[in-house]
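Please take a moment with the sequence and the model shown here before reading on. The paragraphs below go through the charged pairs and then turn to the nonpolar residues.

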Amino acid sequence: MEIRVAIFANVLELDAQGEPVNEKHAERRAATWLNRYCTGELHPGEPDIEPWECQLH
């Protein structure tokens, strides 16, 4: 769970008012990590998770 939250937070971008601009993309990246964790594979065409996406701050 901690890594999925880290991925979501690291990928999420906010506009000048603090509103998310790519929430669905951040959700998809977190789901990609979970899918790879559970199945050992990525969905076709989905890039692997980058190390910076998983960094805990």
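Predicted model: local features only at pLDDT ≥ 70, side-chain atom pairs only at ≥ 80, totals over all residues.

Side chains of opposite charge can pair when their charged atoms come close. In this model there are 5 salt bridges, and three of them are taken up here in turn.

One of the salt bridges joins the side chains of Glu 27 and Lys 24, with 3.4 Å from N to O. Both residues belong to helix α2, which covers residues 23-39, and because they stand 3 residues apart in this helix, about one helical turn separates Glu 27 from Lys 24. The two partners can also be described by their accessibility: Glu 27 is partly exposed, at 33% relative accessibility, whereas Lys 24, with a relative accessible area of 63%, is exposed.

Another salt bridge is formed by the side chains of Glu 46 and Arg 29, where the N to O distance is 3.1 Å. This pair links distant parts of the chain, since Glu 46 sits in the loop between α2 and α3 (51-54) while Arg 29 is in helix α2, 17 residues apart. Are these two residues buried or exposed? Both Glu 46 and Arg 29 are buried, which means that each has under 20% relative accessible area. Glu 46 and Arg 29 are also members of a network of salt bridges that includes Arg 28 and Glu 53.

A further salt bridge connects Asp 48 with Arg 36, and the closest N and O atoms of this pair are 2.3 Å apart. Because Asp 48 lies in the loop between α2 and α3 and Arg 36 in helix α2, the pair ties together parts that are 12 residues apart in sequence. Asp 48 is partly exposed, at 39% relative accessibility, and Arg 36 is likewise partly exposed, with a relative accessible area of 27%.

From the charged pairs we can turn to the nonpolar residues. Which residues make up the largest nonpolar core? This core has 6 residues, namely Ile 7, Val 11, Ala 26, Ala 30, Trp 33 and Ile 49. Helices α1 (2-11) and α2 each supply at least two residues of the core, and α2 gives the most to it, with 3 residues.

Terms used: Residues numbered from 1 in each chain as written. Heavy atoms only, no water. Salt bridge = Lys/Arg side-chain N within 4 Å of Asp/Glu carboxyl O. Helix = DSSP H or I, 4+ residues; strand = E, 2+ residues; numbered from the N terminus. Buried < 20%, exposed > 50% of the residue type's maximum accessible area, 1.4 Å probe, protein only. Core = buried A, V, L, I, M, F, W, Y, C linked by side-chain atoms within 4.5 Å.
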